[in-house]
Amino acid sequence: MKWSVSRVAQGLRRRSLQARNNARIARLAAQVEQHAPSATDARPLIFFNASSRLAWMSQNAAFSLLSGWGARLSGAPVIHFVCRAGMLNCQLGVNKDAPLSPPPCAVCVRQSQHLYAGAAVAWMEPRQYPELEAALQPLTLAELSAFTWQGLPLGALVLPSLCWALRCHTLPEEDATLYLLRQFIQSAWNVAEQFEALIKHENPRGVVVFNGIAFPEAVVRHIAQAHGLWVVTHEVGLQPLTGYFTRGQATAYPIDIPAGYRLSAQQEERLNGYLEKRMRGHFTMAGVQFWPEMRSLDQDLLTKMAQYDQTVAVFTNVIFDTSQVHANVLFRDMFAWLDDVLALVKSHSRTLFVLRAHPDEDRPGKQARDSVAAWAKKNQIENLPNVVFIPPRETFSSYELIQRAKFVMVYNSTIGLEAAIMGAAVLCAGKARFTQLPTVFFPADLSQYRQMAAEFLSAESVAPLPEFQANARLFLYYQLYRTSLPFG
């Protein structure tokens, strides 16, 4: 009974807070419209963000709203393209434990009505497409994944969202999966049809979308670019309460660092302060603190490391993360890379491989179905004497592990950049944000990767190239302080 009363009280407090926040947003929106100057260009900007929130505000939803207000205050007309139950299902609307249940459109639309009250809004309404629905019905998972309709690659555009929603990379060929994939494809077509009509009616000069990978925004981006419009995508930055905006793909984080740019003494000191906090676990990402504590390596692991000739640290990613669509250039996916690592484990008995799962793969409410933990169990890692698997909730310091390793293997995790900053040699298997500069060893093809891995394991020692550490520091500083817009 106490638990029920507490749960109800918590819900009431949250609703009260949301009501106060919505009232404040309404006041701010009215002030923006009151003070916005006359339009300097009649062609509007279109903002679209259907994948960063449902009933509550997220940082990305707030960044989109604030950016629209900023555009209005600069004299630009703004139209918000907003979903009003216009999708059969969406990325955030899927209940992975009950995939056939409908999305919570009512609460989402109600929140949209609060957020965009008084603004120029083009509502995306529900529509039926019987011919498309009939064409999808008999198709297999592979056929749906490659499905194209009237020249639009709907299957490819929706796949990253479905993988994210189901927290997996390899979609199971089940009725529920096929059902959701058909729903996503029909929803994507409705987005396309109504956005196409909006473009023709409004003749916008540009479009701003969240993320660009989530399928509603991916469709809008695809169509806008087909019409020759510029498109800006945005995501959260590394710093708390910062956003990253780019004409490219926000999840790939393209950065244009001027040739010859070097950090000053003050900038180096600022970066050192950030790194000191991060390496103690004192950081958040999109409001999530991954490391409530960070402890030293335990004695059992240190003892085992001493029994081998060398130690290699291996760091994985979350397989459904949107960055993975950019990473897969040498390997089919992260698990194909792990299979390659496993072959090295079996052929190098005097090397201890310490394999660490990403903490986000077991975050409450976001647990991965395709997990490194499941891969480790399937491959009976526990029976191999020269590999130690570190589960995602284990809180010992990755940085101490890096210091004790001969070299570091990563797919495209940010820990690879941090290891390079620490002066470690890093062998990277996936295209990462930081591979835009020479920061780690990132071979040109799979054969070169395997050759390099073999050479590193057999060499007496492995050293990074001289420019790697300085480039890694430069990239991280630029990412933190020169590209992220503060919204605090």
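Q: What should helix H6 span, and how far apart are its end C-alpha atoms?
A: Bear in mind that this is a predicted model. Expected span is 1.5 Å times one less than the number of residues. H6 covers residues 154-166, so its 13 residues should span 18 Å. The end C-alpha atoms are 18 Å apart, which agrees.

Q: Where is the kink in H6 centred?
A: A bend is the angle between axes fitted on either side of a residue. In H6 the kink is about 25 degrees and is centred on Pro160. Just after H6, Arg167 takes a positive phi of about 60 degrees.

Q: How many residues of H6 are buried?
A: Buried means under 20% relative accessible area. In H6, 10 of the 13 residues are buried, so the rest of the structure largely encloses this helix. Among them are Leu157, Val158, Leu162 and Trp164.

Q: Which helices do the buried residues of H6 pack against?
A: Their partners are helix H5 (141-145), helix H7 (175-202) and helix H8 (215-226).

Q: Now a strand. Is S6 largely enclosed or exposed?
A: Apply the burial test again. Four of the five residues of S6 (residues 242-246) are buried, so S6 is largely enclosed by the rest of the structure.

Q: In which sense do S5 and S6 pair?
A: Strand S5 (residues 230-236) and S6 pair in the antiparallel sense, over four bridges. They form a hairpin with five residues between them. In the turn, Leu241 has a positive phi of about 55 degrees.

Q: What stands opposite Tyr244 in S12?
A: Ser484 does. S6 and strand S12 (residues 484-486) pair antiparallel over three bridges. Tyr244 in S6 is also the bridge partner of Glu235.

Notes
Residues are numbered from 1 along each chain as its sequence is written. This is a predicted model: local features need pLDDT of at least 70, side-chain atom pairs count only at pLDDT 80 or more; totals for chains, interfaces and linings use all residues. Side-chain values use heavy atoms; hydrogens and water are left out. Helices (H or I, at least four residues) and strands (E, at least two) are DSSP runs, numbered from the N terminus. The bend at a residue is the angle between axes fitted to the seven residues ending there and the seven starting there. Buried means under 20% relative accessible area, exposed over 50%, partly exposed in between (1.4 Å probe, protein chains only). Contact means heavy atoms within 4.5 Å. Two strands pair if DSSP finds at least two bridges between them.
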